[in-house]
Amino acid sequence: MAVMMANSRRDIEIHRYPAILYLLAPFLALVLQALLPRWMGRFAYFDLPLIVTIYFALGRRSPIQGMFLGALVGIFQDALTHHAIGINGIAKTIAGYLAASVGIRIDVQNTVIRVLLNFALTLLSSGIYLVIYRGLLGIDMEWNWLNMILLAVGNSVLALVFFPLLDRFQVQD
Amino acid sequence: MESFFVRYRNLLVLLVLLVAQILGLAIQVHRTPEGQISLDPRDSRGVRLIRLWANAMVSPPERAAESSKSGVGWIWANYFDLRHVRQQNQNLQAEVNQLRLEQAELLEDAREGQRLESLEGFQQKYLYKTITAQVIGGSGTDLSRVLYLDKGKDAGLARDMAVITPDGIVGKVREVYPHSAQVLLINDQTSGAGVILEQTRIRGILRGNAEGQPAVVNILADQRIKPGEKVLTAGGDEIFPRGLPVGTIAKIVPDPDRDGFVQAIVNPAARLNGLDEVLIITDIEPHFNEKQLKDMARSQSEMGSEAAALAEQQKAAEILSERLPGLTPPSAPAQNGAQAGAQNGSQNGTGPANGAAPTPAPAPRLLTPAHPDRFTPGYEGSDNGSAGTAAPAAKPSTHPAPKKPANPTETQPQGVH
């Protein structure tokens, strides 16, 4: 367990990226999220904007930055749907906050932790979405739990690919 | 105090962000007259602005990806996947790739041409004015089944226009932007279209479920509803014209919320998950092409001759009915009116017996009402001492004269003579 804790200097350092990447990565994630499901049909079990939010929140280790990124990405995602704007925003704000808060305490370079974090935060995000829709707004909506699990699995697998890819853009001191 | 804000800075920011978004959500929902909470179908100005910005940012790359046909696959095939190969065998591989690309592009063009040709053919046969548009993107989540089209307000699109393909209905235009439009698919949970089952003529509402399948809801359990039955638009929703194909019933499942009701899961006729081009009905006034107009004119002329023939028949029937006796009281002598008329005519010299003039048409006799009131012809009220009796002037006409022969001339009201 101690292996997973962030105790070395490398573990607790704040990762820096080129400024353009903060804009480009979320934007590309949003565009691909809008495009790919149309081509992949019902097998599009992923949420790229959430993966990007979790990645930057973990890397920057700043809950405030994680929250704002999550909120912006979520609101943008909501704007592309026909649902109320803010549902994804709230879910991803909380996901960004939790990812950054966890990132302070544990080793975020560990692959297992990344996968587990993505799985857990995707499930949590979907759960928050459901709670807001049904509980807060009181709107009836059918829900498929299997899809939710598959979405979490898909995000975890994609995080294995995208996290190392984005790591390559880190600015070395 | 300062240390409080510094210490709980993260939590406070979280709280502010959440409260702001919850308040934003609150202004987007409204209570229906039935007391249910639902999302406002018409976005407020602020919300619409956010959607417009998001759409303006996402649409250009989507459009670019769509126009390059292979989009991300092209980038993958020509960069990530072939980067090392190209370095090793640059010239040869480039040539092969180029040929493959051209071939794929030609094939795609040919397919697109075929699709457009069939769309064009359908468009010409179709009565309503339509616009062809290309699908350029989606919402990216299966919780919101919407599509984005490459045409918008500039092409004449407006909210609530029906979106169809030659195979069947697709959805309706939900939001229109200057150069693009958002379409709500029929398999979304918030969509709704009036439909009718072709054989059983049972009406229902088409709505999507969590699995993204359209289902006809609000129908009572009925053994006549069988899988395979076609579902058509009913035309009552003021969006889809009636009679458009929707799909076929795949299975019947009980409604989980209401006893005695079932849901008919529908296999959509249009391929909702792989749409490339669609038609938007911009005007539901029928527009006929030349051939249809000729057919209609011919049918109209045929109908005209039929109508003339019918009018002739009608006229003949009227003449015949004039010559036949009218209503006679049951207590009247069992004497044929026509015979009586002929006899009377021969007696008074007006009948056909003398061959000089035709017999006058017998006037119908009114039966005596059992309880005459103020609506009875000739009734003068109860002030004449006998309530329920008709006026003296009308008496001869309203009261039968059983003892007398049924002479039409005698049964005419006095005023007529």
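Guide: Two strands pair if DSSP finds at least two bridges between them. Keep that in mind, for this is a predicted model.

Visitor: What makes β5 and β14 of chain B a pair?
Guide: Count the bridges. Strand β5 (residues 162–164) and strand β14 (residues 277–283) of chain B share two bridges, in the antiparallel sense. At least two are needed, so β5(B) and β14(B) count as paired. One bridge to look for joins B:Val163 to B:Ile280 in β14(B).

Visitor: Which strands make up the closed barrel that holds this pair?
Guide: Follow the order β3-β4-β7-β6-β5-β14 in chain B. That is a closed barrel of six strands, with antiparallel pairing. Neighbouring strands are turned by 45 degrees against each other on average, direction ignored.

Visitor: How do you know that helix α3 of chain B packs on this sheet?
Guide: Look at what the helix touches. Helix α3 (residues 45–67) of chain B touches β3 (129–138), β4 (146–149) and β6 (169–176) of chain B. Touching here means heavy atoms within 4.5 Å. The direction of α3(B) makes about 90 degrees with that of β3(B).

Visitor: Which strands form the closed barrel that contains β8 of chain B?
Guide: The order is β8-β9-β10-β13-β12-β11 in chain B. This is a closed barrel of six strands with antiparallel pairing. Its neighbouring strands are turned by 45 degrees against each other on average, direction ignored.

Visitor: What makes β12 and β13 of chain B partners?
Guide: Strand β13 (residues 261–268) pairs with β12(B) in the antiparallel sense over seven bridges. Pairing asks for at least two, so β12(B) and β13(B) qualify. B:Lys251 stands opposite B:Ile265 in β13(B). B:Ile252 has B:Ala264 as its bridge partner.

Visitor: How many bridges does β13(B) share with β10(B)?
Guide: Four, again in the antiparallel sense. Strand β10 covers residues 214–220 of chain B. B:Ile219 stands opposite B:Val262 there. Now turn to β12(B), which covers residues 245–254 and also pairs with β11(B), residues 230–233. That antiparallel pairing has three bridges, and B:Leu232 stands opposite B:Pro245.

Visitor: Why is the link between A:Lys92 and A:Asp47 called a salt bridge?
Guide: The closest N and O atoms are 3.0 Å apart. The limit is 4 Å between a Lys or Arg side-chain nitrogen and an Asp or Glu carboxyl oxygen, so A:Lys92 and A:Asp47 pass. A:Lys92 lies in helix α5 of chain A and A:Asp47 in the loop between α2 and α3, so the pair ties together parts that are 45 residues apart in sequence.

Visitor: How do you know that chain A and chain B touch?
Guide: 44 residues of chain A are in contact with 54 residues of chain B. The two chains bury about 4300 Å² between them, 67% of it on carbon and sulfur atoms. In chain A, A:Arg38, A:Leu80 and A:His82 lose the most area to chain B, together 19% of what that side buries. There are also 17 residue pairs in polar contact.

Visitor: Which elements of chain A give two or more residues to that side?
Guide: They are α2 (19–40), α4 (63–80), α5 (87–105) and α6 (111–136). The residues of that side divide into 31 nonpolar, 10 polar and three charged.

Notes:
Residues numbered from 1 in each chain as written. Chains lettered and ligands numbered in written order. Predicted model: local features only at pLDDT ≥ 70, side-chain atom pairs only at ≥ 80, totals over all residues. Heavy atoms only, no water. Buried area = accessible area lost by both parts, 1.4 Å probe. Polar contact = N/O pair within 3.5 Å; in protein donor to acceptor, adjacent residues only side chain to side chain. Nonpolar A, V, L, I, M, F, W, Y, C, P; charged D, E, K, R; others polar. Axes fitted to C-alpha atoms, helices over the stretch in contact; angles between N-to-C directions.
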